Amino acid sequence: MKISARNSLVGKIISIEQGSVNNEVVIQLAPGVEITSVVTKKSCEQLGLVVGGSAYAIIKASNVMVAVD
(Lines give C-alpha, C1' and ligand atoms only; values in the text may rest on other atoms or scores of the structure.)
Protein backbone atom coordinates (compact mmCIF):
# COMPACT_ATOMS: atom_id res chain seq x y z
CA MET A 1 0.00 0.00 0.00
CA LYS A 2 1.38 3.41 -0.96
CA ILE A 3 -0.32 6.59 0.25
CA SER A 4 0.56 10.27 0.41
CA ALA A 5 -0.61 10.71 4.02
CA ARG A 6 2.22 10.65 6.54
CA ASN A 7 0.13 9.49 9.50
CA SER A 8 -0.82 5.85 9.09
CA LEU A 9 -1.68 4.06 12.32
CA VAL A 10 -2.43 0.33 12.39
CA GLY A 11 -4.69 -1.25 14.98
CA LYS A 12 -7.47 -3.68 15.80
CA ILE A 13 -11.15 -2.89 15.23
CA ILE A 14 -12.83 -3.12 18.63
CA SER A 15 -16.32 -1.91 17.72
CA ILE A 16 -18.53 -0.96 14.81
CA GLU A 17 -21.66 1.05 15.70
CA GLN A 18 -24.05 0.77 12.78
CA GLY A 19 -26.21 3.70 11.78
CA SER A 20 -28.76 4.11 9.02
CA VAL A 21 -26.21 5.54 6.52
CA ASN A 22 -22.84 5.70 8.33
CA ASN A 23 -20.98 3.43 10.74
CA GLU A 24 -18.73 4.50 13.60
CA VAL A 25 -15.56 2.38 13.60
CA VAL A 26 -13.32 2.33 16.69
CA ILE A 27 -9.74 1.16 16.20
CA GLN A 28 -7.54 0.33 19.18
CA LEU A 29 -3.98 1.46 18.45
CA ALA A 30 -2.55 0.34 21.80
CA PRO A 31 -4.08 -0.60 25.17
CA GLY A 32 -6.13 2.43 26.21
CA VAL A 33 -5.46 4.30 22.94
CA GLU A 34 -8.36 4.40 20.50
CA ILE A 35 -9.30 6.37 17.41
CA THR A 36 -12.79 6.66 15.95
CA SER A 37 -13.80 7.17 12.34
CA VAL A 38 -17.18 7.60 10.69
CA VAL A 39 -17.43 5.85 7.33
CA THR A 40 -20.34 4.93 5.10
CA LYS A 41 -21.99 1.56 5.56
CA LYS A 42 -21.09 0.73 1.96
CA SER A 43 -17.40 1.44 2.65
CA CYS A 44 -17.50 -0.87 5.68
CA GLU A 45 -18.92 -3.64 3.53
CA GLN A 46 -16.50 -3.08 0.63
CA LEU A 47 -13.49 -3.04 2.98
CA GLY A 48 -14.73 -6.10 4.86
CA LEU A 49 -14.45 -4.34 8.23
CA VAL A 50 -15.27 -6.63 11.16
CA VAL A 51 -14.73 -6.45 14.91
CA GLY A 52 -11.43 -8.15 15.70
CA GLY A 53 -10.00 -7.37 12.27
CA SER A 54 -6.99 -5.23 11.52
CA ALA A 55 -7.28 -1.78 9.93
CA TYR A 56 -5.29 1.38 9.33
CA ALA A 57 -6.34 4.82 10.55
CA ILE A 58 -4.95 7.17 7.93
CA ILE A 59 -4.90 10.84 8.91
CA LYS A 60 -4.45 13.54 6.27
CA ALA A 61 -5.46 16.96 7.53
CA SER A 62 -4.00 20.41 7.51
CA ASN A 63 -5.87 21.32 10.71
CA VAL A 64 -6.75 19.44 13.86
CA MET A 65 -9.12 21.36 16.13
CA VAL A 66 -9.20 20.92 19.91
CA ALA A 67 -11.64 22.63 22.28
CA VAL A 68 -12.44 22.66 25.99
CA ASP A 69 -15.02 24.36 28.19
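This is a predicted model: local features need pLDDT of at least 70, side-chain atom pairs count only at pLDDT 80 or more; totals for chains, interfaces and linings use all residues.
Residues are numbered from 1 along each chain as its sequence is written, and side-chain values use heavy atoms, without hydrogens and water.

The chain holds one helix and four strands. These are DSSP runs, numbered from the N terminus: H or I of at least four residues for helices, E of at least two for strands. Along the sequence the pattern reads β-β-β-α-β. The C-alpha trace spans about 35 × 30 × 25 Å along its principal axes.

The four strands form an open antiparallel sheet in the order β3-β2-β1-β4. Strands pair if DSSP finds at least two bridges between them. β3 (33-40) and β4 (54-59) are the edge strands, each pairing on one side only. Strand β1 (residues 7-18) runs antiparallel to strand β2 (residues 22-30), joined by six bridges. K12 stands opposite Q28 in β2.

Now the surface. Of the 69 residues, 17% count as buried, meaning under 20% relative accessible area, with exposed over 50% and partly exposed in between (1.4 Å probe, protein chains only). Y56 lies in strand β4. Y56 counts as partly exposed because its relative accessibility is 49%.

Finally, contacts, meaning heavy atoms within 4.5 Å. Among those between residues at least 6 apart in sequence, 43% join residues at least 24 apart.
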